[in-house]
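Take a look at the sequence and the model below.

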Amino acid sequence: MSAPILQVMREDWADPGIPLPAYATGGAAGADLRANLPEADRAGLVLAPGARRIVPTGLRVAIPDGFEVQIRARSGLALRHGIGLPNAPGTIDSDYRGPLGVLLVNWGDVPFTVVHGERIAQMVVAPVARAMFETVDELAQTPRGSGGFGSTGRG
């Protein structure tokens, strides 16, 4: 199976010196996304503890039909600074053509400054299976049954 092709377009205001999404290693599942801040914010965006903010990438993408892009946190930012995504993973649908922004949250206890050009998230391209929905009178039984949160035990 050949790799899907994502078309990428820079916003008119975006800094063309900021690299496009790229895989850091040959085995990386996610391509790194970078902050591409408007001229007025190039000194950095401060995220106070508990604050959420959409950080621009300066990009728009066209995702092929049958695929989505999942936006995921970078583990290093999460570990060292408590920076994550409140809706992780975020989904970008194949029919969206608007600006690509990354919703970041500071779960840490000190302010964090997002630096222009910094790797802020990763994007994973994934196939999407669209389901058909059917109303039935009864569902097939399983050993778990209707057991909910934590019903399979611990350990």
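The paragraphs below walk through a predicted model.

Start with the sheets. Five strands build an open sheet, and their order is E2-E3-E11-E6-E8. The pairing in this sheet is antiparallel. Strand E2 (22-23) and strand E8 (90-92) are the edge strands, and each pairs on one side only.

Now go through the pairs. E3 and strand E11 (residues 119-127) run antiparallel and are joined by 4 bridges. Here Arg-34 stands opposite Arg-119 in E11. E11 also pairs with strand E6 (residues 67-72), again antiparallel, through 6 bridges. Phe-67 has Pro-127 in E11 as its bridge partner. From E6 the sheet goes on to E8, with 3 bridges between these antiparallel strands.

Another open sheet has 4 strands, in the order E1-E5-E9-E7. Its pairing is antiparallel. Strand E1 (7-10) and strand E7 (83-84) stand at its edges with a single partner strand each, so one side of each has no neighbour in the sheet. Inside this order, E5 and strand E9 (residues 100-106) pair over 6 bridges in the antiparallel sense. Pro-56 stands opposite Gly-101 in E9.

Next come the salt bridges. The count is 4. Glu-11 forms one of them with Arg-60, and the closest N and O atoms are 2.8 Å apart. This pair links distant parts of the chain: Glu-11 is in the loop between E1 and E2, Arg-60 is in strand E5, and they are 49 residues apart. Are the two partners buried or exposed? Glu-11 counts as buried, at 14% relative accessibility. Arg-60 counts as partly exposed, at 26%.

Asp-32 and Arg-119 also meet in a salt bridge, at 3.1 Å from N to O. Asp-32 lies in strand E3 and Arg-119 in strand E11, so the pair ties together parts that are 87 residues apart in sequence. Asp-32 is buried, because its relative accessibility of 9% is under the 20% cut-off. Arg-119 is partly exposed, with a relative accessible area of 31%. Arg-74 joins in as well: Asp-32, Arg-74 and Arg-119 are linked in a network of salt bridges.

Glu-39 and Arg-42 form a salt bridge too, with their closest N and O atoms 3.1 Å apart. Glu-39 counts as exposed, at 63% relative accessibility. Arg-42 is partly exposed, with a relative accessible area of 24%.

Now look for empty space. Rolling a probe the size of a water molecule over the atoms shows where such space is left. A search of the whole structure finds 1 cavity of 30 Å³ or more. The volume of the largest cavity is about 50 Å³. Which strands supply at least two residues each to its lining? They are strand E3 (31-34) and strand E5 (52-62). E3 gives the most, with 3 residues. The lining includes Asp-32, Leu-33 and Arg-34, along with Arg-10, Thr-57 and Leu-59. Asp-32 is therefore both a lining residue and a salt-bridge partner of Arg-119.

Ser-94 lies in the loop between E8 and E9. Ser-94 is buried, with a relative accessible area of 17%. Leaving aside neighbours within four places in sequence, Ser-94 is in contact with Ile-63, Pro-64, Asp-65 and Phe-67.

Val-125 lies in strand E11. Val-125 counts as partly exposed, at 25% relative accessibility. Not counting residues up to four places away in sequence, Val-125 touches Pro-4, Leu-6, Phe-67, Glu-68 and Val-69. Val-110 is 15 residues from Val-125 in sequence, and their C-alpha atoms are 32 Å apart in space.

Gly-82 sits in the loop between helix H1 (75-81) and E7. Gly-82 counts as buried, at 17% relative accessibility. Beyond its neighbours within four places in sequence, Gly-82 is in contact with residues including Val-105, Asn-106, Trp-107 and Gly-108.

How values were computed: Residues are numbered from 1 along each chain as its sequence is written. This is a predicted model: local features need pLDDT of at least 70, side-chain atom pairs count only at pLDDT 80 or more; totals for chains, interfaces and linings use all residues. Side-chain values use heavy atoms; hydrogens and water are left out. On a 1 Å grid over the protein atoms alone, a cavity is a set of points where a 1.4 Å probe fits but cannot get out, and a pocket is an open set with protein on both sides within 12 Å along at least five of seven lines; lining residues have an atom within 4 Å of a point. Grid points are joined across faces, edges and corners, and a volume is the space filled by probe spheres set on the points. Two strands pair if DSSP finds at least two bridges between them. Buried means under 20% relative accessible area, exposed over 50%, partly exposed in between (1.4 Å probe, protein chains only). Contact means heavy atoms within 4.5 Å. A salt bridge is a side-chain nitrogen of Lys or Arg within 4 Å of a carboxyl oxygen of Asp or Glu.
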